[in-house]
Amino acid sequence: MHSKQDKKPSIIWFQGLTCNGNTHSFLNLENLKNLLDKFEILSHPSLPSTQNFNTVLSCTLECDIFIFEGAYDPLMKRNDTLVSKIVEYYAKSTKHIIALGSCASFGGLFKASAPDRNSGLLFNEQEKSGPLLKYESKVINISGCPIHPEWLAYTLHMIAKGREVEINKLHRPIELYSTLAHHGCTRNEYFEWKVDADDFGEKEGCLYYKQGCRAPMTHSSCNKILWNEVSSKTRVGTPCFGCTEPDFPRQNLFATKTNMSIPEDVPIGIAKRSYLTMAGIAKTFHIKRLEGKLIDYKTAD
Amino acid sequence: MARITKQERRVSIILAALKLFSEKGFYITTIPDIAKKVGMSVGNFYNYFTSKDALAKELIMYISEYLGKSIREINDKDIPTEEKIYEIVSMYFNMADERPEMIEYFLRVYLSNREVFEDGCEGMLCVSAFVTEMMMFFDNGVERGELHNQDFFSAFGLFMGYLGGMVFLFGEKILPEPLEWYKESISQNIYNALKTR
């Protein structure tokens, strides 16, 4: 007879071509222990596991959730076993596949280095042509470089509770990726009135016009579910690099691509003509409070 | 006989005022002058515009939207930027020829009487339709790899300043040839100045 303990969903966390960034990020989860108590970790690169790595490679185990971190390289081997063989085995036998991070989701950095060879599990950037096409109904992409630990925690909790994780066209959970990184940014008032940031690391100004911020074009919840519970890139004055999107990494991350001073990309869903009309009008007004240091501004009283 | 709608009446005031302002000047033209030209009473005029300043702002928006619409038609064509430049120059010069009051108003009233437009028409507020369309033109030119990527106002000033200057010279009867005669060479000069290096 199985005890309650035995019914915990089991996880194999397997790494392809990776920098380990998602593993590191996940270890920062505030309530990591609470989450881990709900699962049986068969194998993980950093956490105590019930199975050794060679057993995982022998393709004799069964797991409920197969987490793949890193890009997929069809020629890569782990201890003389082709990663392609391992991925195929677990993809077939598991209930849920989580492509963890932008490399596993879309190819990311490692695809950029070998575009004809490496890919994500299900996607090659935007194109759904990865090796797990026949198992696509099982695949959940959690993109990000790295992922926010809460994004994975949310997904695992949903699975543990037997609830469906609703996903969008890019197989990302709607709950986490329907918002933009722009939503919740503390600089939104500067964006509205088109006041540029003069430099990186400042509290004032919007980073979209010069510093390369991709937040209005990037699906993520970075400014809604804060990093380390307190911050985000844009809050500390660093542009969003659009790291959750299939076209990551782009070139010149710290500079906005402009054509004759006009941003090449405008916020998602807004026609460029409409955006330019609105921006031009907003820029006409000079709002003293937004032009200097916030702490220097004296209110009327 | 069909009754003239309020909107048609409004447009007829705009057209009459454009002519008077550009011919006589903004300050010399009075509301009774405009009302007389349209054939309405001064009292009725105020049903359409609350003041001469309000009318002045309406006029610049009318011109900006007219220009914006014309440039948008050119922008929407799938033709090389060099040809678009020629078409914009042609459109602008034709307008200066056929409806000189439009450009005259822009140059001699809007740009010369800034105090009238200070409140409610500052910056891009009343010329947004026109400037936005020029932004779309430049953005597309760079995206196609046909224009040199530079500061917007440097390029805008070169383009529109040049055209405005030529129309001004034309209005002053200094140009020895009709505007039509200059279209080709001016378009070429603008393209040469802005093209990818």
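This is a predicted model: local features need pLDDT of at least 70, side-chain atom pairs count only at pLDDT 80 or more; totals for chains, interfaces and linings use all residues.

Student: How many residues of chain A are in contact with chain B?
Tutor: On chain A, 12 residues are in contact with 18 residues of chain B.

Student: And which helix of chain A gives the most to that side?
Tutor: Helix α10 (residues 272-284) does, with 8 residues. By class, the side of chain A that touches chain B holds 4 nonpolar, 5 polar and 3 charged residues.

Student: At what angle do α10(A) and α8 of chain B pack?
Tutor: The angle is about 125 degrees, and the axes of α10(A) and helix α8 (residues 128-143) of chain B are 9 Å apart. The two helices are therefore oblique to each other, and α10(A) passes α8(B) in a right-handed crossing.

Student: Which residues meet there?
Tutor: From α10(A) come K272(A), R273(A), L276(A), T277(A), G280(A) and I281(A); they meet S128(B), V131(B), T132(B), M135(B) and M136(B) of α8(B). This contact has 5 nonpolar, 4 polar and 2 charged residues.

Student: A change of topic: where does A255(A) lie?
Tutor: A255(A) lies in the loop of chain A between α9 (188-192) and β8 (258-259).

Student: Is A255(A) buried or exposed, and why?
Tutor: A255(A) counts as exposed because it has 11 C-beta neighbours inside 10 Å, and the cut-off for exposed is 12 or fewer.

Student: How many residues apart are A255(A) and S49(A) in sequence, and what is their distance in space?
Tutor: They are 206 residues apart in sequence and 43 Å apart in space, C-alpha to C-alpha.

How values were computed. Residues are numbered from 1 along each chain as its sequence is written. Chains are lettered from A and ligands numbered from 1 in the order in which they are written. Two residues are in contact if their C-beta atoms, placed from the backbone, lie within 7 Å. Helices (H or I, at least four residues) and strands (E, at least two) are DSSP runs, numbered from the N terminus. Ala, Val, Leu, Ile, Met, Phe, Trp, Tyr, Cys and Pro count as nonpolar, Asp, Glu, Lys and Arg as charged, and the others, Gly among them, as polar. A residue is buried if 20 or more other C-beta atoms lie within 10 Å of its own, exposed if 12 or fewer, and partly exposed in between; C-beta atoms are placed from the backbone. Axes are lines fitted to C-alpha atoms, for helices over the stretch in contact, and angles run from 0 to 180 degrees between N-to-C directions. Angles under 35 degrees count as roughly parallel, over 145 as roughly antiparallel, 65 to 115 as roughly perpendicular and the rest as oblique. A crossing is left-handed if the near helix is turned anticlockwise from the far one by less than a right angle, and right-handed if clockwise.
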